[in-house]
Amino acid sequence: MAIITVTIGLPTGVRLLAANSERSAAAYAEAVIYATSRAALPVQLSVSCADPGVRNRLTTYLLDLQQECLRVPAPRRNASGALG
């Protein structure tokens, strides 16, 4: 069991996430990235883990996720600002 920490620099401050598995760390970090406005992406991030393979996979995945979020068209909003 590896302790994994992900530090994400957001416009509102730094978010520090800790997890015992690669999957959990990815899920927590995904939630933060998806909740971040497109205008703030890409955010700075750092992954710490004793296992370099986990660290590299997770870092690459989270950087790719941000790029994917930027490529997806922004949701259309009507005149009132509602989605649709």
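Modeller: Gladly! Buried will mean under 20% relative accessible area, exposed over 50%, and partly exposed in between (1.4 Å probe, protein chains only). This is a predicted model, in which local features need pLDDT of at least 70 and side-chain atom pairs count only at pLDDT 80 or more, while totals for chains, interfaces and linings use all residues. Residues are numbered from 1 along each chain as its sequence is written, and side-chain values use heavy atoms, with hydrogens and water left out.

Let's take helix 1, residues 22–35 (helices are DSSP runs of H or I with at least four residues, strands runs of E with at least two, numbered from the N terminus).

Now look around the axis. Ala25, Ala26, Ala29, Val32 and Ile33 are buried in helix 1. They share one side of the helix because they cover an arc of only 130 degrees around the axis, taken from the directions from the helix axis to the C-beta atoms. An α-helix has 3.6 residues a turn, so residues three or four places apart point the same way. Arg23, Tyr34 and Ala35 are exposed on the other side of helix 1.

What do the buried residues of helix 1 pack against? Their partners are strand 1 (4–10), strand 2 (13–19) and helix 2 (52–71), with contact meaning heavy atoms within 4.5 Å. Of these, strand 1 has Ile4, Val6, Ile8 and Leu10 on its covered face, and Thr5, Thr7 and Gly9 on the uncovered one. Strand 1 is joined to strand 2 by a hairpin through two residues, and the two pair in the antiparallel sense over seven bridges (pairing requires at least two DSSP bridges). Val6, for instance, has Leu17 of strand 2 as its bridge partner. Strand 1 also pairs with strand 3 (residues 44–48), again antiparallel, over five bridges.

Since Arg57 lies in helix 2 and Glu22 in helix 1, the pair ties together parts 35 residues apart in sequence. The structure holds one salt bridge. Glu22 counts as partly exposed at 27% relative accessibility, and Arg57 counts as partly exposed at 47%.

Conventions:
Expected span 1.5 Å × (residues − 1). Salt bridge = Lys/Arg side-chain N within 4 Å of Asp/Glu carboxyl O.
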